[in-house]
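Biologist: I would like to learn how to read a model of this kind, feature by feature. Could we take the sheet, the cores and the backbone in turn?

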Amino acid sequence: MQTAEASISQKISTQEILNDYRIAWESRQASLTGRKEVFMGKAKFGIFGDGKEVPQLAMAKYFKEGDFRSGYYRDQTFMFAIGELTLQEYFAQLYAHTDLEADPSTAGRSMNGHFGTRSLDDEGKWKNLTEIKNSSADISPTAGQMPRLVGLAYASKLYRENPILQDEKQFSVNGNEVAFGTIGNASTSEGVFFEAINAAGVLQVPMLVSVWDDGYGISVPAEYQTTKGSISEILAGFQRNAKGEQGYEIFKVKGWDYAALCETYEAAVQVCREEHVPVLIHVEEVTQPQGHSTSGSHERYKSKERLAWEAEYDCIKKMREWIIESNIATAEEVDKIEAEAKEAVRVARSNAWNAFALSIKADQDEALRLMDNLSAACPHITQIATIAEELRKVSTPIRSDAVRAVRKVLRYVRHERNQAKRELVEWHEQQLGENADRFNSYLYSQSDESALLVEEVPAEYQEDSPVVDGREVLKACFDAMLERDPRVFALGEDVGYIGDVNQAFAGLQEKYGKLRVTDTGIRECTIIGQGIGAALRGLRPISEIQYLDYLLYGIQIMSDDLASLQYRTKGGQKAPVIVRTRGHRLEGIWHSGSPIGMILHSIRGMHVLVPRNMTQAAGFYNTMLKSDEPALIIECLNGYRLKERLPSNIAEFTVPLGKPEVLQEGSDVTMVTYGSMCRIVMEAAKQLEEFGISVEVIDVQTLLPFDLEHSITDSIRKTNRVLFTDEDVPGGGTAFMMQQVVDEQEAWRYLDSKPVCLAAQAHRPAYSSDGDYFSKPNTEDVFEAVYAIMHEADPEAFPALF
């Protein structure tokens, strides 16, 4: 049998092997140097990929244009090897350089080791992803990259098996692309890892997972992490067999054996790419020479014997020995490569630091000049000079140092009116604008496909427009969107064969096929991830979470990955997923969910749309499919069988974001709500009218964004009183709305009575209709809350009820 060493020497040239060694050595030196930069105070934190260099070289060899990576923060060697990271960019990210040219992955927004390629051009339009090697943007939460990985691989299946996608040439070449995932051995203990592995096995998609196994998770050894201490052993049941049963191909290989690694990755990628079979490669005996990160030393928890073994089986050391023993190069030639690599790292570090420091020094020098000018023109010489001197003494300044100093100076000269002060104020205002772009931009899309720019198209009705169940309105909308856009597909539990639990997709799987309207297992986290990965590759998924109560299974991925995607890449990547769910009013602890406060505060970067009926929901679906942004659409769980008129332009009409609708005009009190509460509030308003109280009812329609034109404040300017109500717990959605209106919109100026919040009880609703009544705001609660406001304003006209 031919040995791996002999076989690999026939396939890989001497020059390629030596170039690989150069990359590995540069990467190791970059890790060592990066650690020193942290300890010198030039960077705040460092986490490195040392010890994983050689397996990553092997993986990179079989990574082609169009492929995608979904990895974690130790993949620097892989990124160097595929040509999507330079040494200078590596150090720029370590220093958090906010220039996209310096750090194209994150523009300084993520800590080092977080890599991503730019899928979008400067206008936010898709590049041809088949012509570049792609890396989806990394996140830190362990195993958080796995759900997205499922979706990246699933997109290849759709592009290969769905003939109507054959024209999408900029996203796929017949689905031949492989999604490469990487993860540390300890992170395979996460539930999301197992969920993703199972999902990919069911789907049979080209997903290749590499597990870098160094035997630890920070200080915790493998025996505490994994049953049998081996992820490949406990996943052995996933191995496909000769009987034709679907499953995985599972490989094991040593992380220090360059030749065997190349052979393994060549075979694994071929199976994955050609057969669309998922693969797991367990890369064992990997080391981590510098420990987990710059936060601590691994000498504290590893034995002397273990440390000695790691030194002996360091993958670069072993690769050097193999090169020399195989007569690929002499020791002197390898020494020369190492010396050249070390010098390349030194130069890159120096260039990166100088570029970073000079970009800050220019602003610091200008601030000092302006402070000196002001000092000469006002009586606060001593205070300004002290502040300026403190700024000059900062050895490694950052941007906030100069801004902080200027803000302190401006306190002392608040009474001054001279040109020097005006110039300093102008500098400060300029800095605020520039730093807003550096640190606060791209939470949402800034392209011309932003959801906020979608033109409003009102729903139209004919005289003979039918009155149907609300679910029929949604079904007509989904039917139209599947018909007009081949990139659209829906997936979720029970979405396919039965048409979802509320029948809004009834019959659409039969019409459009299983690839367009798709059932999934019970796995909310990877339903979201499947949508993210597919959207990153140009598709338009609707990922359904059956009930809002179960969104908690997927909200970590929505929060850490989807919602922050545009922000953490500064507009370099987008994933316009629509997450569909249903909630609010029904019955029981787990089928009446309204955890709106939790949602609002955890998924900034997504739009949160809360339609009161299915017509409004359909308009939001149409709006979002015209945009390039992700959204959560929460349908009313108790509204599917309520009657609505079917718009004649069901495929075209849109509902704008951030634009509340006045459902009823009034003059005494403004009531602000959304979703299922609209019906309760409208009934209460009708009853209040009998008692001489005129209520203006406003449906906010969208919570993110919220009332962009301040129409609620316009209403309060008229009524001078306001009640916010919803079904969330106290301090949740109502508190958010009040903050937006009273604080942000400054509606406090027009209030004659204190603003009031009416929320649900602090617990989830008990079961039964009585449980609903006594757990969440009801018509009588709303009536009495408004009446109490009027009683406080005019107790004689509105005497106390109780």
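Biologist: To begin with the sheet, which residue in β3 is the bridge partner of Arg-69?

Modeller: This is a predicted model, in which local features need pLDDT of at least 70 and side-chain atom pairs count only at pLDDT 80 or more, while totals for chains, interfaces and linings use all residues. Residues are numbered from 1 along each chain as its sequence is written, and side-chain values use heavy atoms, with hydrogens and water left out. In general, strands of a sheet pair through backbone hydrogen bonds, either parallel or antiparallel. Here, the bridge partner of Arg-69 in β3 is Phe-180. Strands β1 (residues 68-70) and β3 (residues 179-184) run parallel and are joined by 3 bridges; two strands pair if DSSP finds at least two bridges between them. Strands (E, at least two residues) and helices (H or I, at least four) are DSSP runs, numbered from the N terminus.

Biologist: What is the order of the strands in the open sheet, and which are the edge strands?

Modeller: The 6 strands follow the order β2-β1-β3-β4-β8-β7, with parallel pairing. The edge strands, each pairing on one side only, are β2 (134-135) and β7 (249-254).

Biologist: How many residues does the largest nonpolar core have?

Modeller: In soluble globular proteins, nonpolar side chains tend to be buried together. A nonpolar core is a set of buried Ala, Val, Leu, Ile, Met, Phe, Trp, Tyr and Cys residues joined through side-chain atoms within 4.5 Å, where buried means under 20% relative accessible area, exposed over 50%, and partly exposed in between (1.4 Å probe, protein chains only). The largest core here has 83 residues, and Val-209 is among those with the most contacts inside it. Helix α6 (residues 145-161) gives the largest share of this core, 9 residues. A second, separate core of 70 residues includes Trp-25 and Trp-322.

Biologist: Is helix α5 mostly covered or mostly uncovered?

Modeller: Helix α5 (residues 87-95) is mostly covered, with 8 of its 9 residues buried, and these buried residues pack against α2 (14-39), α4 (76-81) and α12 (331-376). Just after α5, Ala-96 takes a positive phi of about 65 degrees.

Biologist: Where is His-276 found, and is this residue buried or exposed?

Modeller: His-276 is found in the loop between α9 (258-275) and β8 (279-284), and this residue counts as buried because its relative accessible area is 5%. Although His-276 is not a glycine, it has a positive phi of about 55 degrees.

Biologist: Which residues does a cis peptide bond join?

Modeller: A cis peptide bond, with omega about 5 degrees, joins Leu-704 and Pro-705.

Technical notes:
Contact = heavy atoms within 4.5 Å.
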